[in-house]
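Me: I would like a close look at a single part of this model, described carefully and in connected form.

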Amino acid sequence: MSSQKKKKKNHNRNNKRPEQRRTEPAKVNNTEKEEPEPEKEVKPEEKVPEPEKEVIPEEKEPEPEKEVIPEEKEPEPEKEDKGENNESENGKKLKGAKKAVLIIAVVLFVVLLLLMSAYFIIREYVNRRFLDQINYESTNESFSINENIPTETQSEGETIRPEDNLDEVQKSLIQADAKTFFLNGESAESNYVTNILLIGSDVRPGKEWNGNSDAMILVSINNKTKKVVMTSFMRDMYVYIPIVDTCAKLNSAHAYGGSELLCQTITGAFKIKIDRYVRVDFYGLMDIIDAAGGVDMYVTPEELPVLNQYITDMCKESGTGMIPDGYYLNEAGNVHLSGMQAVAYARIRYVGNSDFERTNRQRKVLTELINNCKKMSLSQITGLADVALPRISTNMSQNEIWDIINNSIKYMGYEVVTQRVPFDGAFTSEYINYQQVIVPDYVKNVEMMIDGIYGE
């Protein structure tokens, strides 16, 4: 009995051991619930009881804790995704912008090429259609000198007493002063002023000489002051003429050596750099004024008979059998002048204050001609160019002429200012070789010219 009891006791003990083993894990679970340590519960080491099926459902209890685990880690990948999406979207936008810029650049380049091509095509057309008609003259200074030019004589009806004529000593002093001033000092020039000398020569058809320059107007385009200054030079000024090495009236410089020598004479005498000119004779100017529709002018009763006399002379000298009756002006006052009448008006010398008023008449005609051009249509300007260009001569290049054409609209808006050399109070009148001449005060005239052309 005792042995059986012992066996039973031992058996009961053995039966209790597994129960204790089963309860131990439960105690562990209870402690885990009381102390929530997610890291320990998630660790795989604590899944030891997996062989026991009864323990498996108890280990699924920490599932609600999985909701707590993500905390702030879950949005991170979302942010990274959004950043990647933004980067890709920005990249697409940047690529699109680059494509748009590239397309615009290509379009602008093509448009620029088309405009340049059109410009050169138009320029070539204008060169052939118009500018090639101009008589271009070389700027080479090795021009010929004609010392056997016709000399002016005492004016008809004018009596000069011997005592009024300067003696050789006085004449030599004036000549020495003119030459000394010419050879000393520099001529003014600037990159914002373009000087072009307009020359009207009195050369007659069939005559083999250069002719006197009875009209000399310096056109100075000042891009700084936005002004066009027209300066008339009186033909009777007594100046030093280089190369010929003599003193004579200014207009005879053209007769001696043409337009080049005239430019050199004015440059040295008045210290204004002049190396470009445009020349036309009286008959060419008639045609140009007619093509521009004529000019409106006021003619005084005193000017009327002298004007008609010049018409008679020009018709006779033309050598073409022109009949003056069709050109005579019948009345004074505000009248519309044709080309012949306008040139005759500009040549009037013996009415009023001699050459002083003549230069004023020349500026009036030129100013009115410019005003007419401003009002012209394109077809009218084309017609005027067809008439004018073959009748003018110049030493300007086609590129220089094109610069003026390109800026012509701008120049039309510039203020036009006129002046005359010599200025009032800056000269004396003398008789040399029984001819009335004007002796300029070079210093005063140069100062006033430079101020008018280059000043503010």
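Where is the place of aspartate 245?

Reply: Residues are numbered from 1 along each chain as its sequence is written. This is a predicted model, in which local features need pLDDT of at least 70, side-chain atom pairs count only at pLDDT 80 or more, and totals for chains, interfaces and linings use all residues, while side-chain values use heavy atoms, with hydrogens and water left out.

Aspartate 245 sits in the loop between S5 and S6, where strands (E, at least two residues) are DSSP runs numbered from the N terminus, as are helices (H or I, at least four residues). Strand S5 covers residues 238-241 and strand S6 covers residues 246-249, and the two pair in the antiparallel sense over 4 bridges, pairing being assigned if DSSP finds at least two bridges between two strands. Threonine 246 in S6 is the bridge partner of isoleucine 241, and the hairpin that S5 and S6 form has 4 residues between the strands.

Within this turn, isoleucine 243 has a positive phi of about 70°, and aspartate 245, a residue other than glycine, also has a positive phi, near 60°. Aspartate 245 is partly exposed, its relative accessible area being 44%; this class lies between buried, under 20%, and exposed, over 50%, with a 1.4 Å probe and protein chains only.

A positive phi of about 55° is likewise found at lysine 226, which is not a glycine and which belongs to the loop between strand S3 (213-222) and strand S4 (227-233). Lysine 226 is partly exposed as well, with a relative accessible area of 43%.
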